[in-house]
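Visitor: I would like to go through this model with you, please. Could we begin by looking at it?

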Amino acid sequence: MKTKEDFLNGQILLIDKPLEWSSFQAVNALKWAIRKKFDLKKIKIGHAGTLDPLATGLLIICTGKFTKKIPELQGQIKEYTGTFTLGATTPSYDLETEVNQTYPTEHLSEASIKEATKEFLGEIEQVPPVFSALKKDGKRLYELAREGKEVEIKSRKITITAFEITRIQLPEVDFRVVCSKGTYIRSLAYDFGKALNSGAHLSALRRTKIGDFNVNNATTPLVFKENL
């Protein structure tokens with residue numbers, strides 16, 4: 001059993017974030033559970049890398065003195081699995097917004113889909129999605145996007161070390177990606193669709209690894225609470 005001192009001195013907690021929870025909600029759930037259990041007025045706690053509400057999987061949460069380790073953990077290589085839906089795009093590149101355009105998929109073959117992954121390997125330029133929490137002129141991009149403002153977003157260098165297609169059942173395609181910090185899988189979905197001349201959006205996402213940490217060793221916020 002972990003003690004109050006353990007949490008104050010610093011813990012790295014592996015959480016499997018549930019669908020539709022924000023990363024902030026997950027951190028808050030743990031914070032309240034720890035404070036209540038040990039009757040603490042306050043405790044330092046934070047996460048090492050956001051997951052969108054529509055994604056599930058590994059969230060690393062640091063407490064106490066270990067919050068200092070957050071920048072180092074954020075920089076680690078990440079692994080994701082998930083699903084792209086081909087033949088349609090959405091403004092947010094995922095299911096947060098409605099389909100805004102549809103495209104043919106008849107020309108796609110298993111070979112062409114697998115071949116297209118090759119152009120994304122190594123160091124590439126990627127444009128983050130308009131619907132993201134990045135800031136421009138002091139406002140978050142998704143706020144500007146919702147106001148219907150045109151925003152020019154600069155591309156950034158990212159590295160993809162593995163990109164494989166694990167299942168093809170059109171319009172769905174399952175994938176596994178290993179990538180650097182700052183990679184947007186939603187943008188990868190969009191660009192992948194473009195490369196196939198068919199459009200695509202991200203319809204499921206799970207973060208499976210951050211550095212040496214694996215989601216197989218993580219617990220949900222509710223299980224964490226019960227185990228305290």
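Guide: The conversation below takes up the model topic by topic.

Visitor: What kind of model is this, and how are the residues numbered?

Guide: This is a predicted model, in which local features need pLDDT of at least 70 and side-chain atom pairs count only at pLDDT 80 or more, while totals for chains, interfaces and linings use all residues. Residues are numbered from 1 along each chain as its sequence is written, and side-chain values use heavy atoms, with hydrogens and water left out.

Visitor: Where does UniProt place the active site?

Guide: The unreviewed UniProt entry places the feature "active site" at D52. UniProt positions are given in the numbering used here, feature names are shortened, and annotations may be inferred rather than shown by experiment. D52 is found in the loop between β2 (45-47) and β3 (55-63). Helices (H or I, at least four residues) and strands (E, at least two) are DSSP runs, numbered from the N terminus.

Visitor: Which residues is D52 in contact with?

Guide: Leaving aside neighbours within four places in sequence, D52 is in contact with K17, W21, D94 and R186. Contact means heavy atoms within 4.5 Å. With R186 there is also a polar contact between the two side chains, at 3.3 Å. A polar contact is a pair of N or O atoms within 3.5 Å; within protein, one must be able to donate a hydrogen and the other to accept it, and residues adjacent in sequence count only if both atoms are side-chain atoms.

Visitor: Where is R186 found, and what else is it in contact with?

Guide: R186 is found in helix α6, and it is buried, with a relative accessible area of 5%. Beyond four places in sequence, the contacts of R186 include S92, Y93, D94, P129, F131, S132 and L202.

Visitor: Which other residues of α6 are buried, and what covers them?

Guide: Besides R186, the buried residues of α6 are I185, S187, L188, A189, F192 and G193. The cover over the buried residues of α6 includes β4, α4, β7, β10, β11 and β12. Just after α6, N197 takes a positive phi of about 50°.

Visitor: Which domain does UniProt record at residues 186-219?

Guide: The unreviewed entry gives "domain: tRNA pseudouridylate synthase B C-terminal" for residues 186-219. That span is 29% helix and 38% strand, and its end C-alpha atoms lie 25 Å apart.

Visitor: Changing topic, how many residues does the largest nonpolar core have?

Guide: The largest nonpolar core has 26 residues, and those with the most contacts inside it are F84, I160, F163, F175, I185 and F192. The elements giving two or more residues to this core are β4 (78-86), α4 (110-116), β10 (156-169), β11 (172-179), α6 (185-195) and β12 (200-210). Apart from it lies another core, of 16 residues, among them I15, A26, L40 and I43. A nonpolar core is a set of buried Ala, Val, Leu, Ile, Met, Phe, Trp, Tyr and Cys residues joined through side-chain atoms within 4.5 Å.

Visitor: What is F163 in contact with?

Guide: Sequence neighbours within four places aside, F163 is in contact with F84, T117, F120, L121, F175, R176, V177, L188 and F192. T117 sits in the loop between α4 and β7 (122-126) and counts as buried at 7% relative accessibility.

Visitor: And β4, which strands does it pair with?

Guide: β4 runs antiparallel to β11, joined by eight bridges, and pairs with β12 in the antiparallel sense over nine bridges. Two strands pair if DSSP finds at least two bridges between them. The bridge partner of F84 in β11 is V173, while K78 stands opposite I210 in β12. Eight of the nine residues of β4 are buried, so this strand is largely enclosed by the rest of the structure.

Visitor: Lastly, how many disulfides are found?

Guide: A search of the whole structure finds zero disulfides, a disulfide being a pair of cysteine sulfur atoms within 2.5 Å. For C62, the nearest cysteine sulfur is that of C179, 19 Å away. C62 is buried, with a relative accessible area of 0%, and C179 is buried, with 1%.

Note on methods:
Buried means under 20% relative accessible area, exposed over 50%, partly exposed in between (1.4 Å probe, protein chains only).
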